[in-house]
Amino acid sequence: MKLLLTTLLSKYIHSSLALPTIAAACAKVPGLGIVIREHTVNERPADILRSLISEDADVAAFSCYIWNIEQTLRLSAEMKLLNPGLFVIFGGPEASYGSHDLMSAHPHIDAIVHGEGEDTMAEMMQLLVASSGSAIPDDRLSELQGITFRSGDEIITTGARLNSDSLDSSPSPFATGLADLSKPLVYIETSRGCPFSCAFCLSSIENGVRTFSFPRIEQDLEILMEHGVETIKFVDRTFNYDAGRANRIWEFILTHNRKSRFHFEIAADLLTDENLTLLKRVPDNTFRFEIGVQSIAAETLDIVGRKTDLERLFANVERLQEETGITMHLDLVAGLPGEDFDGFVRSLERLIAVKPHHIQVEPLKLLKGTAMRKIARERNYTFSPFPPYRILNTPWLTFGDVCRIEDCSEALEEIYNSGRFETSLEMVAQHHALTPLFTLWSPSKSKGSRLSVIFEQFLNHLKKVFPGLTESIIEPLRFDYCMNGHPGHSLPSFLKGKDEPEAGLIRPASQKEIAKRLSLARESRFRTFSARFARDYSTAGWPEGDFRITFIYCSSGKILHLVERVLM
Ligand code: SF4
């Protein structure tokens, strides 16, 4: 018997953790062959169908999320039409809640596995292998806890399965060699569940937190680091729920890491002095912390049951910024109860004030199974009945406000998170609050991918939002432009100062001289571009003078610069 485990990922750069985890649990079932196939939502549906059908599987299990459920329903229905004997199983958060309705509306689904699926899938596979291709007797299926299945015209949901206390009983997808380590980003989990109960989050449904043992965590991490995985992302919902546990894992990483980077979701208010002391030792650009702030309105957080000490959170974020080289990513959720557009702007201003590297803003989604659905009913929210269940309006936000928040989210990506305009934003921030740059953004209909178009659009946006902005912005923009990649033969005309027509045409220092002064290896390959600046934007305080800055574009992608004073 052949089991096909499959999912549609949101992006190509990562692989699924759920599929190899289920495969590892089912590997012990005698007589079962397993194949994992991952595709992305961006591929042509006909190509995905062709690829999955060619596996000629007896059972197909789909891992379902808000970003793939609609495509998965179409794909699985077509597979069943082509192969009526195929046993179709759905699992994952988008199938676990409302499973009865999902099976009523989609008769091609044979069964749904609820919650964590390792034991349930392994037991169901045993039954399928034992029935050797014929239908599993209903009495056997009804003994299986944690599923919804069909019995004639009836749809039956069995009793809830208690989660196993020991996570270690689930075999490691890494030690069994089933996880795909070839992608730039690989997920790992060291714990399941969250100690908090935010009404809008699926992780609030499960009670308490369970952790894998230290030997298991260390074994898995060692495999990934030894393999040289580029980025290891922890899916733990609140990685530092136990400060001592977090320190022990961080210490292990610091001792054994070769060259990987690590991404954690943490609660910054839970960081202790011991954590902060250890984190000072993290090499630059090795850790990335994603920190959910969600809102700075205490009353709003209270309504959704989110327990955060905001004062301590921001104090710790500031300490992390000042004392460590950790990349900081802060999140806001817009549309929580009691927060109007002005309230959202206040939350955004507070985040911008701590200057994180990345700010993510998302309008609230009303996920199936969360307590937020009840709050939304009681408080007259309107939301889309289709995934990802985005809010359409709330008693505090009109549909127009929600659209403005979505535009703001795009502006943050384009202007702030892209890192393209770092120097320019620093210059603007010396005279203006940055927030209107994001809240007054209107997405361009003709989005250019050429750097000159992107920079010209940004300059026009700057002039529109801050009409009093002087020509002094041109130089920082020009510096940013050169820091984004080789400008070709010269700079675009809108980045040339009026009295500096020669910008970009200054003779650079010779390649030999540059290699010598920057101690580059003799065989290094690089291109250069030189321009004249009235300030040295590469040095803190931006000293004034007359500078020739030579940008050095290494074949590795690194951009260096060499600054020389121009002597008259
Ligand atoms: S939002 Fe974060 S802290 Fe709140 S329940 Fe979800 S995972 Fe836990």
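**Interior, sheet and overall form**

Me: In this predicted model, which residues does isoleucine 291 touch, not counting residues up to four places away in sequence?

Reply: The model is predicted, and a contact here requires C-beta atoms within 7 Å. Leaving out residues up to four places away in sequence, isoleucine 291 touches Ile266, Ala268, Val317, Met328, His329, Leu330 and Asp331.

Me: Which strands stand at the edges of the open sheet of three strands?

Reply: The order in this open sheet is S18-S19-S20, with antiparallel pairing. Each edge strand has a single partner strand, so one side of each is left without a neighbour in the sheet. The twist from one strand to the next averages 25°. The edge strands are S18 (526-535) and S20 (559-565).

Me: What is the bridge partner of isoleucine 552 in S20?

Reply: Strand S19 (residues 544-554) runs antiparallel to S20, and seven bridges join the two. In S20, the partner of isoleucine 552 is leucine 560.

Me: At about what angle does helix H19 run to S18?

Reply: Helix H19 comprises residues 474-483 and lies across S18, S19 and S20. Angles are taken between N-to-C directions, from 0 to 180 degrees. Relative to S18, helix H19 runs at about 170°.

Me: What distance separates the centres of domain 2 and domain 3?

Reply: The chain is divided into domain 1 (2-157), domain 2 (181-409) and domain 3 (471-565). Taken over C-alpha atoms, the centres of domain 2 and domain 3 are separated by 38 Å.

Me: What radius of gyration does the chain have, against that of a compact globule?

Reply: The C-alpha atoms fill a box of roughly 95 × 60 × 50 Å along the principal axes. For 568 residues, a compact globule would have a radius of gyration near 24 Å. The value for the chain agrees with this, at 27 Å.

Me: What percentage of the residues in the chain is buried?

Reply: A residue counts as buried if 20 or more other C-beta atoms lie within 10 Å of its own. Among the 568 residues in the chain, the buried share is 35%.

Notes. Residues are numbered from 1 along each chain as its sequence is written. This is a predicted model: local features need pLDDT of at least 70, side-chain atom pairs count only at pLDDT 80 or more; totals for chains, interfaces and linings use all residues. Two residues are in contact if their C-beta atoms, placed from the backbone, lie within 7 Å. The radius of gyration is taken over C-alpha atoms; the globule rule is 2.2 Å times the number of residues to the power 0.38. A residue is buried if 20 or more other C-beta atoms lie within 10 Å of its own, exposed if 12 or fewer, and partly exposed in between; C-beta atoms are placed from the backbone. Two strands pair if DSSP finds at least two bridges between them. Helices (H or I, at least four residues) and strands (E, at least two) are DSSP runs, numbered from the N terminus. Domain bounds come from an automatic or database domain assignment.
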